[in-house]
Amino acid sequence: MTIFEFKDVLLQCCKAVYHIEGFQENADFIVWAEVGARAFNADDARAEEATVVAVDFFTKKEFSEVPVMIKEKFREYGLPYRGPDIIYDKDTGRRHFAYTVEVV
């Protein structure tokens, strides 16, 4: 999967998707950014390389369907992920769902 295809997966979950930095949104939004890479070696040669991506979903809703959709899409497309870690920000009134995904 290319990084552009990965962005399209996120767009299936939320209309507002930003790369690296989010913008002021009144509604729910996702911010994603490449944060590293992992290499898989076989017979002393690089067999496969994965891009590690941070995916952060922000919402003011108490109960949002988007985190469920994100996990469903990660599973559907075979994307290994960790999370979410869930953080509440008193200053913005938003819940922040933080995932780490490997895009191969």
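**Charged pairs and their surroundings**

Arginine 38 has a relative accessibility of 35% and therefore counts as partly exposed. The model in which this residue is examined is a predicted one. Arginine 38 forms a salt bridge with glutamate 102, with an N to O distance of 2.6 Å. The two residues are 64 residues apart, arginine 38 being in strand S2 and glutamate 102 in strand S5, and their pairing links distant parts of the chain. Glutamate 102 has a relative accessible area of 12%, so this residue is buried; the cut-off for that term is under 20%.

The structure has four salt bridges. Another of them is formed by aspartate 28 and lysine 61, whose closest N and O atoms are 3.6 Å apart. Aspartate 28 belongs to the loop between strand S1 (17–19) and strand S2 (29–42), and lysine 61 to the loop between strand S3 (45–59) and helix H2 (66–76), so this pair ties together parts 33 residues apart in sequence. Aspartate 28 is buried, because its relative accessibility is 12%, whereas lysine 61 is partly exposed at 39%.

A further salt bridge is found within a helix. Lysine 73 and glutamate 76 are both in helix H2, three residues apart, which is about one turn of the helix. Lysine 73 counts as buried at 19% relative accessibility. The closest N and O atoms of lysine 73 and glutamate 76 are separated by 3.2 Å. Elsewhere, shared partners connect salt bridges into one network made up of Arg38, Arg82 and Glu102.

Strand S5 (residues 94–103) pairs with strand S4 (residues 81–89) through seven bridges in the antiparallel sense. Among the paired residues, isoleucine 86 has phenylalanine 97 in S5 as its bridge partner. Four residues stand between the strands of this hairpin, and glycine 93 has a positive phi near 70° there.

Strand S4 also contains proline 84. The peptide bond that runs from glycine 83 to proline 84 is cis, and its omega is near 15°. Most peptide bonds are trans, and most residues other than glycine have a negative phi. A positive phi in a residue other than glycine is found at isoleucine 20, where the value is near 70°. Isoleucine 20 is located in the loop between S1 and S2 and is exposed, since its relative accessible area is 59%; the term applies to values over 50%.

Glycine 36 has a relative accessibility of 31% and so counts as partly exposed. Leaving aside residues up to four places away in sequence, glycine 36 touches Ala50, Thr51 and Val52. The C-alpha atoms of glycine 36 and valine 52 are separated by 4.9 Å, although these residues are 16 residues apart along the chain.

How values were computed: Residues are numbered from 1 along each chain as its sequence is written. This is a predicted model: local features need pLDDT of at least 70, side-chain atom pairs count only at pLDDT 80 or more; totals for chains, interfaces and linings use all residues. Side-chain values use heavy atoms; hydrogens and water are left out. Two strands pair if DSSP finds at least two bridges between them. A salt bridge is a side-chain nitrogen of Lys or Arg within 4 Å of a carboxyl oxygen of Asp or Glu. Buried means under 20% relative accessible area, exposed over 50%, partly exposed in between (1.4 Å probe, protein chains only). Contact means heavy atoms within 4.5 Å.
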